[in-house]
There are 2 protein chains.
Amino acid sequence: MSQGLDEVAPERRSAQEDPGAASAVVEAHVLGEVRPERRRRRVSMADVARLAGVSSQTVSRVANGHPGVVDETRRLVLGAMAELGYRPNSAARALKSGEFRTIGVILFTLSTTGNVRTLEAIASSAAAEGYAITLIPVAVPTQDGVRGAFTRLGELAVDAVILLMEVHLLDAASVSLPPGVQVVVADSDAGDQYSVVDTDQADGTRQAVAHLLDLGHRTVHHLAGPEESFAAERRTAAWRRTLEEAGCPVLPVERGDWSAESGYRAGLRLAADPACTAVFAANDELALGLLRALHESGRRVPEDVSVVGFDDISEAGSFLPPLTTVHQDFAEVGRRCVEGVLRQFRNDEHERGTHLVPTHLVVRRSTGPAPR
Amino acid sequence: MSQGLDEVAPERRSAQEDPGAASAVVEAHVLGEVRPERRRRRVSMADVARLAGVSSQTVSRVANGHPGVVDETRRLVLGAMAELGYRPNSAARALKSGEFRTIGVILFTLSTTGNVRTLEAIASSAAAEGYAITLIPVAVPTQDGVRGAFTRLGELAVDAVILLMEVHLLDAASVSLPPGVQVVVADSDAGDQYSVVDTDQADGTRQAVAHLLDLGHRTVHHLAGPEESFAAERRTAAWRRTLEEAGCPVLPVERGDWSAESGYRAGLRLAADPACTAVFAANDELALGLLRALHESGRRVPEDVSVVGFDDISEAGSFLPPLTTVHQDFAEVGRRCVEGVLRQFRNDEHERGTHLVPTHLVVRRSTGPAPR
DNA sequence: CTCGTGGATGTTTACGTAAACATGGACTAC
DNA sequence: GTAGTCCATGTTTACGTAAACATCCACGAG
């Protein structure tokens, strides 16, 4: 029930009869003689109709579960479908209906937990709605990659698009969204232009910093993400504002690129500062590197230094020590993205505004009272 | 150059004159009179042809870069395209050509590093070839999810399929591959049925176990993955064979579900065994949990116990201590999957056999000489 | 000067589906 | 008994594209 070639269409024709088969040229070159038909013709409604002795419209009705087909006819058609192995042709369907039943997801990378988890939720929500997901990676390395994505978008094989990246990066990638396609954006600040779904990073940050201050720390250092990242900047801004509101000194940030390795390097600098007793890391990987740096510098966590991360990746509870971190509900973000984009598509109206998914602090063992 | 709404065509006409104009629907709605057309008509080649004063075939020729169009005509057509914002309709193109320029990727989950990294490589390789990726998640939770995937597959909106799961699970998910679609499988043993690409897990395991034996350990314990997983079973089998060939005792395995948490629980049992001085964990997450269990049990790594993982996830180098592990080149797996599936598609021939991508041991600091 | 040649462009057609409309037969109401 | 109604099914058409085929014109060779 699940193989490829063995099933050769019975009415396979010779090349003579069908000289137009795609890339027959290549094969002719190799074989030098008869050109096998490149792609066997698919079974269409007409074939089913012929076998069942009905019109193709009746087949269409059966295929789409429309009423008004008498039981016996229906059985006849279903039998013919099964016998021929009929599958509806989604290209024809899309052409007719103008809908692809597909959502495009544009992203730069799958190396961040957030993107992956959001994508996973998007994929299952979309599947539940009968929509497929087309991945549109806008790789930075080669311009070719970008061109590929551009092309697909241009051809508009999607009904709607979810952007898993910051809107302003679109320009950099020279990708333009096709007009008339609805968009929902995650991880951005484009609420005035688009419908944006995001986790409440500012509040998560506030909770994290407040938690550390409550534990008696004089202030909180910040191990930030890369400057280009909007999420990183937002967390940094919220960290700064929380400290200012509490009247605590705001010290210069250390910066990493989200990776554990960069967190380690920046962590070594933080570890060398004896006044540093609490650090808010912009994500869990950075926190992991920081933990290692602190460990190797002989500073105990949480006795000497408290650490809070961001994301609550699945491994966070197994760090040494288990990491206190801000939990983001990526699954909910994904769900809302799909919901939003489909609502826009169905109503054919463009929405704006930002929808925030709450975040909450998960307290584990990497935070403790300030040393005296 | 990169947004949706603001980009309003300069020659914007009223809804009356051209009910098909972009976003006319919204306007009509605002005007509160004519019932808005559900979905605006797209700009087609015919529209471009009319404006340019040529035939639609000429537009087609220009769009596809065919020769035999004089420069002035070409400019005329390109100008009309730009003015109308023409985008080719991929549904029509697919219907005509019989190709979707899309590869389907079927997978259960995005929560394993291997799947994600492989998918990422697949996506960029495919994009470089001008192919899009359609994600087909076969979620276990609801049967609806499975049905959705089934439907999409049935409609065959893909030219080829890459299976990122074990073939035998397909049956369980009651997904059947449509006939005539070429398949490449990763992470399975179905080389007799399909073209399979995988990392050389047996050799990676052998390297890991041999490394530990070389360090003087009497034998190597195994923290295995779930029984249902083929990858887990393969690693376990290779571990057993390597020990047997070296004449070392083969002890019962501890088992986890790939998660760090389960690694921690199993690790507590291993840590309680004073004879246990070397553990081969089936993946890095399990190893992470194991490290934590050992730490909390007061057993030092690597002085008392050596640990080796599998995968070389990006965080592995930042564990405490940095983890010795088997590196898998998922990017190469992804590339070869795309290459293989496109080759099959283009030649219209079904390939079989297993292609292994080499693995290698990355020695960090979680392994050391056996305690005496 | 005429015919042939070849290049540029136009016309026809088919891809598979499904909406819209047409047909024809059975049954009901008067 | 006849007209009207409704239901099952058939026929026509359009969706947008591109291959195949047709046409037309300019130019060169004889």
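Author: A polar contact is a pair of N or O atoms within 3.5 Å; within protein, one atom must be able to donate a hydrogen and the other to accept it, and residues adjacent in sequence count only if both atoms are side-chain atoms. This is a predicted model, in which local features need pLDDT of at least 70 and side-chain atom pairs count only at pLDDT 80 or more, while totals for chains, interfaces and linings use all residues. Residues are numbered from 1 along each chain as its sequence is written, chains are lettered from A and ligands numbered from 1 in the order in which they are written, and side-chain values use heavy atoms, with hydrogens and water left out.

Reader: Which atom of M45(A) lies 2.6 Å from a phosphate oxygen of DNA strand C?

Author: A polar backbone atom of M45(A) does. T58(B), by contrast, uses an N or O atom of its side chain, at 2.7 Å from a phosphate oxygen.

Reader: How many residues surround DNA strand C?

Author: A residue is near a strand if one of its heavy atoms lies within 4 Å of it. Here 24 residues surround DNA strand C, and the closest include M45(A), Y86(A) and T73(B).

Reader: How is a nonpolar core to be read, and which residues have the most contacts inside the largest one?

Author: In soluble globular proteins, nonpolar side chains tend to be buried together. A nonpolar core is a set of buried Ala, Val, Leu, Ile, Met, Phe, Trp, Tyr and Cys residues joined through side-chain atoms within 4.5 Å; buried means under 20% relative accessible area, exposed over 50%, and partly exposed in between (1.4 Å probe, protein chains only). The largest core has 50 residues, with L119(A) and L119(B) making the most contacts inside it. Contact means heavy atoms within 4.5 Å. Leaving aside residues up to four places away in sequence, L119(A) touches residues of both chains, among them V105(A), I133(A), L110(B) and L135(B).

Reader: Is H211(A) buried or exposed?

Author: H211(A) is buried, with a relative accessible area of 15%. Beyond residues up to four places away in sequence, its contacts include V308(A) and T324(A).

Reader: Where does V308(A) stand in relation to β10(A)?

Author: Strands of a sheet pair through backbone hydrogen bonds, either parallel or antiparallel. Strands are DSSP runs of E of at least two residues, numbered from the N terminus, and two strands pair if DSSP finds at least two bridges between them. V308(A) stands opposite T324(A) in β10(A). Strands β9 and β10 of chain A pair in the parallel sense over four bridges.
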